[in-house]
2 protein chains.
Amino acid sequence: MISPDHPRYRSLEVRERLAWFAREGVVSPEGLAAHGRGEAFDYLLGEKTTESALLAERTAAAMLLSARHPVISVNGNTAALAAREIRYLQKATRAAVEVNLFHRTPERVAKVTRLLEGHGVEVLEGEVERLIPVSHDRGWSHHDGAAAADVILVPLEDGDRAEALVSMGKSVIAIDLNPLSRTARAATLTIVDEVTRAIPAITRAAGELSPGECERLISRLDNSNFLQAALDEIAGRLSHALD
Amino acid sequence: MISPDHPRYRSLEVRERLAWFAREGVVSPEGLAAHGRGEAFDYLLGEKTTESALLAERTAAAMLLSARHPVISVNGNTAALAAREIRYLQKATRAAVEVNLFHRTPERVAKVTRLLEGHGVEVLEGEVERLIPVSHDRGWSHHDGAAAADVILVPLEDGDRAEALVSMGKSVIAIDLNPLSRTARAATLTIVDEVTRAIPAITRAAGELSPGECERLISRLDNSNFLQAALDEIAGRLSHALD
C-alpha cells in the first residue's frame with residue numbers, strides 16, 4: 001500500500017495497478033519496464049496534458065471521426081490502464097477495437113479480451129493472419145483489424161509495427177510519452193501524453209468537433225511541431241528543475 | 001529474442017534479463033517499472049557515462065576507501081543486473097554487502113542472497129532489526145549493515161530510505177539515473193549513471209586513487225554540481241534531438 005501523502009502517489013498507484021495486472025498475466029514483465037520509461041517522460045512533462053498534446057488529441061479525434069474504417073489497437077498495458085476509457089472512445093468514434101500483443105499467447109489474448117469486454121468494449125474476435133509485415137507476433141491482425149484500417153490509433157506501440165503500418169499507407173496515431181521514440185517519429189500524429197489522460201481527451205473532442213473543424217485540424221497537421229513542442233516543454237522544465 | 005540489429009539492442013537485452021529475473025522472483029514487478037524509468041533517463045543521457053558522472057564515480061571510490069565501515073546495500077534489481085560487478089567492488093573497497101528489499105519476504109531475501117553468493121559476493125546474513133526509521137520493509141538492517149555504516153552505497157534506492165540514512169548522519173552515495181529524484185537530491189553524492197557502468201567505474205577508481213587524491217576528491221564534493229551537470233546534459237541533448 002502506498003500512502004496518499006507520498007509526493008508521487010498517483011504515479012505509484014498506477015504502477016501498483018500494472019504490477020497487479022502483471023501478476024494476473026495481462027501485463028508482461030517487458031510491459032512493466034516499458035511503462036516505467038513512460039513514467040519518466042511523464043515526470044519530465046510535469047505529469048499533465050500540455051497545450052500542444054491537447055491539440056494533438058483534438059486532431060486525433062478529427063482523424064478518427066473522418067476515417068472510413070478507424071481501428072483502436074490495444075495491448076496489455078493499455079487494457080490494464082484504460083479499458084473503460086477505450087469503451088467511451090469506441091462509442092464516440094465507432095472504431096473497431098483489436099487486441100494486439102508483442103508477447104502473444106492465446107491465453108493472454110483471451111485475458112486482455114475478457115478485461116476489455118468486462119468494461120463494455122466490443123472486441124474483434126475470431127481468425128487472425130500475419131497481415132502486418134513485422135517479424136514478431138505484433139504482425140497478427142484480423143481482416144477487419146489493423147490490416148483493414150485507414151486510420152489506426154496505437155497507444156503504447158513498438159517502433160517496428162508503427163513503421164510497418166505507416167509504410168502500408170495508413171494514418172497512424174500514436175500515444176507515446178517519449179517524443180524521441182521510433183514510434184513517435186514514425187507516426188502520422190503523435191500524442192505525447194499519458195494514456196489515461198489522452199484517451200478521454202480524444203473522446204471529449206470527438207463529441208465536440210464539427211466536420212469543418214475536423215477538416216481544418218487535419219489540414220494543419222505537422223507532426224514535427226508536436227514532437228518539438230514536447231521536447232521544448234521537457235527542456236524548459238529541466239532548466240528550472242533545481243531552482 | 002531480440003535481434004542484435006535492433007537500434008536499442010543493449011537496453012532491450014538488459015530489460016529482458018530483468019524480466020527473466022522477475023519470473024524467477026528476484027526482481028519485483030515494481031522493480032521492473034522502476035527500471036524502465038531509469039532506462040528513459042539513460043536514453044536521455046545518451047546511454048553513456050558522462051564526464052561528470054565519472055568524477056562522481058571517482059569521488060564515490062574515495063569515500064568508500066576512506067570509510068571506517070563502508071556498506072553496499074543491494075536490492076533485487078541491482079543483484080539481477082550487477083552481481084559480479086558488486087563482487088569486484090567489494091574486493092576493492094572491503095565493504096560489507098547487505099541485501100535490502102522493498103518487497104521483502106524471506107524467500108526473496110534468500111534468492112537475492114544466493115544470486116550474489118553465486119557470483120562470489122560475501123553477504124551479511126543472520127538477524128535483522130528495524131534499525132532504519134522508515135515505515136516500510138526497507139527499514140530492516142543487520143547490526144553490521146546499513147545501520148552501522150558511516151558511508152553507504154545505495155544503488156537504485158527509494159527516496160524515503162535515502163533521506164532516513166542521511167538524517168542518521170551517514171554519507172550516502174546514490175546511483176540514480178533521475179537527477180531530480182528524491183534519492184538524487186537527498187544523497188551526499190549522486191552518481192547519475194547506469195548501475196552496470198557505474199559500479200565497475202567505482203571499482204576501477206578504487207584501484208587507482210592515492211590517499212591524497214581521495215582527500216582532494218572528498219573535499220571538493222558539491223552534489224548540486226553533479227545534479228546540474230546531468231540536467232544540462234539532458235537539456236543539451238534534447239535541444240538537438242530532432243536535428
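How many salt bridges does the count come to over all chains? The count is 24, where a salt bridge is a side-chain nitrogen of Lys or Arg within 4 Å of a carboxyl oxygen of Asp or Glu.

Good morning. The model is predicted, so local features need pLDDT of at least 70 and side-chain atom pairs count only at pLDDT 80 or more, while totals for chains, interfaces and linings use all residues. Residues are numbered from 1 along each chain as its sequence is written, chains are lettered from A and ligands numbered from 1 in the order in which they are written, and side-chain values use heavy atoms, with hydrogens and water left out.

I turn to the two chains. The same surface serves both copies, as 100% of the contact residues of chain A recur in chain B. Contact here means heavy atoms within 4.5 Å.

Next, the interface. In it, 33 residues of chain A are in contact with 33 residues of chain B. The two chains bury about 3000 Å² between them, 67% of it on carbon and sulfur atoms; buried area is the accessible area (1.4 Å probe) that two parts lose on being put together, summed over both. On the side of chain A, the residues that lose the most area to chain B are A:Arg37, A:Leu238 and A:Leu242, together 22% of what that side buries.

Which salt bridges join the chains? Between chain A and chain B the count is 4. One of them pairs A:Arg23 with B:Glu30, with the closest N and O atoms 3.6 Å apart. Another salt bridge links B:Arg23 and A:Glu30, also at 3.6 Å from N to O. This pair runs from helix 1 (residues 9-24) of chain B to helix 2 (residues 29-44) of chain A, helices being DSSP runs (H or I, at least four residues) numbered from the N terminus.

Technical notes. Helices (H or I, at least four residues) and strands (E, at least two) are DSSP runs, numbered from the N terminus.
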